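Please load the model in your viewer and keep the selection tool at hand. The stops below say what to select and what is there.

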Amino acid sequence: MTVSGGVLPAVLALPATADTVVRLLARGDDEPPVTLPRDPAREAARRELSKQMYHENDPSWLQRALEAFWDWVDDLLGAASTATPGGALGLVVIVVAVLAALWWRLGTPRRSPVTSPVLFDDRPRSAAEHRAAAEAHAAQGHWNQAVQERMRAVVRALEERALLDPRPGRTADEAAAEAGRALPAHTDRLRTAARDFDDVTYGGRTATEDTYRRLAALDGDLERAKPALAGTHADARQGAAG
């Protein structure tokens with residue numbers, strides 16, 4: 001077989017399958033051309049191009065996924081800017097307006113305290129009002145709310161008697177510790193009441209009727225209790241233990 005100048009080196013450099021095809025096509029003028037069926041030729045080309053040597057520089061699946069995602073985002077923004085009066089600038093103005101409306105409606109996001117939950121909300125009420133709310137919840141069997149309101153009644157009553165200084169943001173634990181210094185005979189019961197309040201308010205636990213009745217009894221005892229003088233704290237503790 002004779003090949004005209006310059007073709008032979010290129011033929012020798014091709015892979016085996018492509019080389020065979022070229023050799024068959026590059027026959028001399030005195031030989032009839034060889035006609036290959038279309039399907040075998042396509043299959044041979046597919047097998048040749050599927051070899052790893054042709055795909056060493058292909059992008060990874062992650063790169064292809066990222067490119068598809070950004071193409072989708074670009075198409076989405078392009079469609080939105082086309083449908084929005086004013087184009088891209090109009091779209092930006094609308095987004096800013098929506099964010100401003102949400103900010104004005106919802107206000108600045110606030111993180112609720114986790115480690116130091118406050119005892120009272122922003123609506124100051126008297127001890128009698130808290131007791132009435134507690135009894136109303138108890139009558140309906142809403143023991144969680146009843147315990148919460150009764151504990152607030154306890155602390156508010158101590159503030160009204162000047163045994164505790166009114167202080168916004170006070171927690172149940174802080175109130176129990178401060179009240180225990182003024183009424184040392186009830187220190188343990190005050191701590192238990194504060195723990196019950198925290199459990200049902202922030203600990204996800206469910207109060208029972210016994211929990212509420214125990215707190216209501218403490219409220220009544222504290223109303224009749226007299227603050228101990230600094231020098232009689234030890235005697236008061238001993239009397240409570242006896």
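Start by selecting Asp188, which sits in helix H9 (residues 187-201); helices here are DSSP runs of H or I with at least four residues, strands are runs of E with at least two, and both are numbered from the N terminus. Asp188 counts as exposed, at 54% relative accessibility; exposed means over 50% relative accessible area, buried under 20%, and partly exposed in between (1.4 Å probe, protein chains only).

The model is predicted: local features need pLDDT of at least 70 and side-chain atom pairs count only at pLDDT 80 or more, while totals for chains, interfaces and linings use all residues. Residues are numbered from 1 along each chain as its sequence is written, and side-chain values use heavy atoms, with hydrogens and water left out.

Zoom out to the whole fold. The protein has 11 helices and zero strands, and 26% of its 242 residues are buried.

Next, show the salt bridges (a side-chain nitrogen of Lys or Arg within 4 Å of a carboxyl oxygen of Asp or Glu). The whole structure holds 16 of them.

- Select Asp221 and Arg189, whose side chains form a salt bridge at 2.9 Å, N to O. This pair links distant parts of the chain, with Asp221 in helix H10 and Arg189 in helix H9, 32 residues apart. Asp221 is partly exposed at 25%, and Arg189 is partly exposed at 33%.
- Select Glu223 and Arg131, a salt bridge of 3.5 Å, N to O. Glu223 lies in helix H10 (residues 209-224) and Arg131 in helix H6, so the pair ties together parts 92 residues apart in sequence. Arg131 is buried, at 16%.
- Select Glu159 and Arg156, a salt bridge of 2.7 Å, N to O. They are three residues apart in helix H7, about one helical turn. Glu159 is buried at 9%, and Arg156 is buried at 14%.

Now display H6 (residues 127-139) with H7: their axes come within 8 Å and cross at roughly 165°. Axes are lines fitted to C-alpha atoms, for helices over the stretch in contact, and angles run from 0 to 180 degrees between N-to-C directions.

Last, go to Ala162, in the loop between helix H7 (143-160) and helix H8 (172-182). Most residues other than glycine have a negative phi. Ala162 is exposed, at 61% relative accessibility.
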